[in-house]
Amino acid sequence: MQRRIDQLENHVIVCGYGQVGRAIVDEMHRSGREVVVVDRTDLDLADLADHVAVVIGEATEDDVLERAGLPRAQTLVVALDSDADNLFVALTARTANESLFIVARANSAGVVDKLERVGVDRVVNPHEIGGSRMAAMVLQPDVTAFLDVVMRDRGLEVRMTEIEATASSAWVGRTARELLGPEHAGTTLVAVRRGGDFLTNPSGELVIEVGDILIVLGTDDHLHAMSDAATDG
């Protein structure tokens, strides 16, 4: 198992394999991502996907994160039951890998600001998310169901994804109208994330800048074509 982990790069590390951690790993499995699970208890490997590796130990210990391949990982998901442990792991991970994308669980509202201050990129409170989702199912059940299918059903003809305009992208300096020309017919630019803000229903005259994240709706073929164009200079 350790030899297998040592060969991984750009993988996802999930700390904590409780109910939240299991749901995260399942989503990663459906997306085909390489995952390393870190948990303090012995896990039944039969319950894990074939491509999921496991490190048994305390995620708060540096050597355990090292064994999980932290220096080579692309993403860390901290989903422990303790806010203090999540905070400590996030701080340790950010110090060890500055380019790491970190998503952390917040079990209480009071820890959100602290997690962000130690370098967590996204903070998620499962209780708030669950409550909001249940309310949305009451208020707009069909919209909620559609968005869930678009995000999760790989067999659906249309899905939603995000594409970054890199420094070498041919998109930079072009308008949204130019991007959605005949070669990308059938795609819809839903929003653009610029800095910390979302520009929803963007104008066709919006000029794409380096670092913009485009939220696009379309077929797999069209989305792959747009993703290729975004990275070609």
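A residue is termed buried when its relative accessible area is under 20%, exposed when that area is over 50%, and partly exposed in between (1.4 Å probe, protein chains only). By this criterion, buried residues account for 38% of the 233 residues in the protein chain. The structure is a predicted model, in which local features need pLDDT of at least 70 and side-chain atom pairs count only at pLDDT 80 or more, whereas totals for chains, interfaces and linings use all residues. Residues are numbered from 1 along each chain as its sequence is written, and side-chain values use heavy atoms, with hydrogens and water left out.

The secondary structure of the protein chain consists of nine helices and ten strands; these elements are DSSP runs (helices H or I, at least four residues; strands E, at least two), numbered from the N terminus. Contact denotes heavy atoms within 4.5 Å. Of the contacts between residues at least 6 apart in sequence, 59% join residues at least 24 apart.

Two buried loop residues illustrate such contacts. Asparagine 97 is located in the loop between α4 (83-96) and β5 (101-105) and counts as buried because its relative accessibility is 5%. Beyond its neighbours within four places in sequence, asparagine 97 is in contact with Leu70, Pro71 and Ala73. When neighbours within four places in sequence are set aside, its contacts are Asn10, His11, Ile13, Asn97 and Leu100. Alanine 73 and asparagine 10 are 63 residues apart along the chain, yet their C-alpha atoms are separated by 4.5 Å.

The accessible surface of the protein chain amounts to about 12,900 Å², 52% of it belonging to carbon and sulfur atoms; areas were computed by the Shrake-Rupley method with a 1.4 Å probe, and for residues only the protein chains shown count as cover. Patches comprise residues with over 30% relative accessible area and no salt bridge, like charges being joined within 9 Å and nonpolar side chains (Val, Leu, Ile, Met, Phe, Trp, Tyr) within 5 Å. A salt bridge is a side-chain nitrogen of Lys or Arg within 4 Å of a carboxyl oxygen of Asp or Glu. Val143, Phe146 and Leu147 form a nonpolar surface patch with about 270 Å² of accessible area together. Within this group, leucine 147 belongs to helix α7 (residues 141-152) and is partly exposed, at 40%.
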